[in-house]
Amino acid sequence: MKRLPLIAIAAFALAAFLCYASFGHESADAYLFPQIIAGSLLGLCGLLVVREYFGNPDVAIQSIDMKSIIKLLPMLVLLAGYVYCIEWLGMYSSSAIALFLIAFIYHSADSIVKRFVSSLTVALLFTGFIYVIFSVLLRVQAPQGLFI
Amino acid sequence: MEFLQYFGEVFTLTHFTILVLGTVGGLILGATPGLSPTMAVALLIPFTFQMEPTASLILLGAVYTSTVAGGAVSGILVNIPGAPANIATVMDGYPLAQSGRATEALHYSFISSLFGGLIGVAVLIFFTPPLADLALKFGPSELFWIAIFGVTIIASIGGGHVIKGLISGALGLWISTIGYNPVLGEERFVFTEHLAGGVHVIAALIGLFAIPQVLTLLQTSRDGKVEMNVMEQHSVLKSLKYTITRVKALVIGTVTGCIVGVIPGAGGQIAGLVAYDQTRKFSKNRDNFGKGEPDGVIAAESANNAMVGPSLVPLLTLGIPGSPTAAVLLGGLLINGLFPGPDLFTIHAKVTWTFIDSLLVGQVLMMIFGLSISKYSRFVTRIPNHMMAATVTVLAIFGTYSVQNNISDVAVMLVLGVGMFFAAKAGFSAAPLVLGLILGKLTEENFQLGRMLGDSQDGVWSYFFTGTINLILITLCVLSIGFSVYSEMRKKTKVAEATA
């Protein structure tokens, strides 16, 4: 039995959603261009489903194994937390924490002390560098929360 | 010879300082494994907001040029190409370094980069103005088809699956419609408050190019303990003399780079690999290729640098980038209020020619600094992946935030970036999506204007589907897709025959 082309089906579902969002508006003129694009997208995704199901599977697909997803999970959580904390803690404080955590979690050294010291050094130095570039030189108004 | 008129502008204190900093910075970024030229230029765009347009373009151009050349350093010394454009360089560069000729290989790399780069910029100087004049004849329908051609060709040639490339391009076009309609001003597809102003091009560029790279770095842990080849003493003059005598490799590399550069969407990787392959085929020492043949390095490096100038020809005249990095540069142009086309060579002639002249000077600086600092490159090649990922993440978030001081841009950037990481695993590429996003507004605007003009003339259908230029462009769109489908089928047949 042939395997279902899951990626192609997911792409088709996304295209179908974009079609649903693009059609059915009263002001047809403003939506005409996205309608044409969404329609073409749906057609292309349909073609992809047919091709992936009946033809040879795409050689460009790399396996997404559970091991690598688990490895990346802390980073994905950190990214979400980082964005959430920017307005709560402040841009520089949350950046320093994010830098420290990313460097600490993904550090390959066995010694916790070594990991802690090198991650903290990088976090502080790089945050200082970013502060000079963005706040002093470029005068970007970074969001402030409980801290800077 | 208009380019000579503005040559002095490159040597003003501000411009020259920026050029030097951009070149040195680009060489370091290029030599750092995991930082591609496209990502480097995308991350730099927010830094240029406070600059005047000329200075900003000089910086982006210098980084574009020198990251491509700098990418050879880590390839030659530690067998990790700094950028996809340097993959072909590694094939002979690393074996040369292993045999105790690392300095020599770096010399060949930078000298041939200079040769290819100068010829490439010359192509840009002489071919851009006539093509820009031709663009004067274009109305909304032609501009609409040019944008569609840009998306179809980058989707087809950019490598990988043709249908997936086209899907990425179409998705980029659709995403560009989020927010206000450019002609009618109506708000569309604002599913969440984060999308109220639409998807900002720079946020998308940073997300699509930087975040997948960050996740890949974390996935493939490298602790920075790389085996580094010893760098021997070797005279630059001797290397220069030798490189000049390798006419065949230089010419094949440069010509290939120039041709590939002009083809929209092809990029340095294709230029380097095609030049390497052709030089090997025409070489008397073809058996030495892959074992440390200097011609391999010379051909690949002259090709990937020769590609830089020509990749800007379709970009500056028609708004179609010749490489993914040029697509990011297009974002930089638009942010500075500079729209590709004849205006760049009339109204903004000073900015444009100073930028092009700076690319010429940048090539020379790139060789001088490249030869001087490559011996110190062992420091950047030893940066562990997790440190690189952490710093790039923070830079990406700060850079995106500084575009409009808006946290929503950061959220959109991260969503697009993480989505692209998984989409790339499924065989989709970022370049067509980015181009669709960048060209989307322009495409829709010309589509709407064309409709209005068509309605007032012989009808919309006739307006878009008749006329010589329209028909040529439509044929090119069909041919680009048709050729790619044919090549893909041929490749699959060959693989099937080989496995049978």
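Reader: How are helix α6 and helix α10 of chain B oriented to each other?

Author: Helix α6 (residues 102-135) of chain B packs against helix α10 (residues 236-245) of chain B at an angle of about 55 degrees, with 9 Å between their axes. Axes are lines fitted to C-alpha atoms, for helices over the stretch in contact, and angles run from 0 to 180 degrees between N-to-C directions. Angles under 35 degrees count as roughly parallel, over 145 as roughly antiparallel, 65 to 115 as roughly perpendicular and the rest as oblique. The arrangement of α6(B) and α10(B) is therefore oblique.

Reader: What pLDDT do local features need here?

Author: Residues are numbered from 1 along each chain as its sequence is written, while chains are lettered from A and ligands numbered from 1 in the order in which they are written. The model is predicted: side-chain atom pairs count only at pLDDT 80 or more, totals for chains, interfaces and linings use all residues, and local features need pLDDT of at least 70.

Reader: Which residues of α10(B) make the contact with α6(B)?

Author: Two residues are in contact if their C-beta atoms, placed from the backbone, lie within 7 Å. From α6(B) come Glu104(B), His107(B), Tyr108(B), Ile111(B) and Ser112(B), and their partners in α10(B) are Val236(B), Ser239(B), Leu240(B) and Thr243(B).

Reader: How many residues of that contact of α6(B) with α10(B) are charged?

Author: Ala, Val, Leu, Ile, Met, Phe, Trp, Tyr, Cys and Pro count as nonpolar, Asp, Glu, Lys and Arg as charged, and the others, Gly among them, as polar. The contact of α6(B) with α10(B) has four nonpolar and four polar residues, and the charged residues number one.

Reader: What is the orientation of α8(B) relative to α21(B)?

Author: The axes of α8(B) and α21(B) lie 7 Å apart, and the helices pack at an angle of about 40 degrees. On the α8(B) side the residues include Gly165(B), Gly169(B) and Gly172(B), which face a set in α21(B) that includes Gly436(B) and Gly440(B). This contact of α8(B) with α21(B) comprises nine nonpolar, eight polar and one charged residue. The two helices, α8(B) and α21(B), are therefore oblique.

Reader: Which helix gives the most to the side of chain B that touches chain A?

Author: Between the chains, 46 residues of chain B are in contact with 51 residues of chain A. At least two residues each of the side of chain B that touches chain A are supplied by α8 (162-176), α9 (201-219), α19 (385-404), α20 (407-425) and α21 (430-456) of chain B. The residues on this side of chain B divide into 26 nonpolar, 13 polar and seven charged. The helix that gives the most, with ten residues, is α19(B).

Reader: What radius of gyration does chain A have?

Author: Chain A contains five helices and zero strands, and its C-alpha trace spans about 55 × 45 × 25 Å along its principal axes. A compact globule of 148 residues would have a radius of gyration near 15 Å, whereas chain A has 23 Å.

Technical notes: Helix = DSSP H or I, 4+ residues; strand = E, 2+ residues; numbered from the N terminus. Rg over C-alpha atoms; globule rule 2.2 N^0.38 Å.
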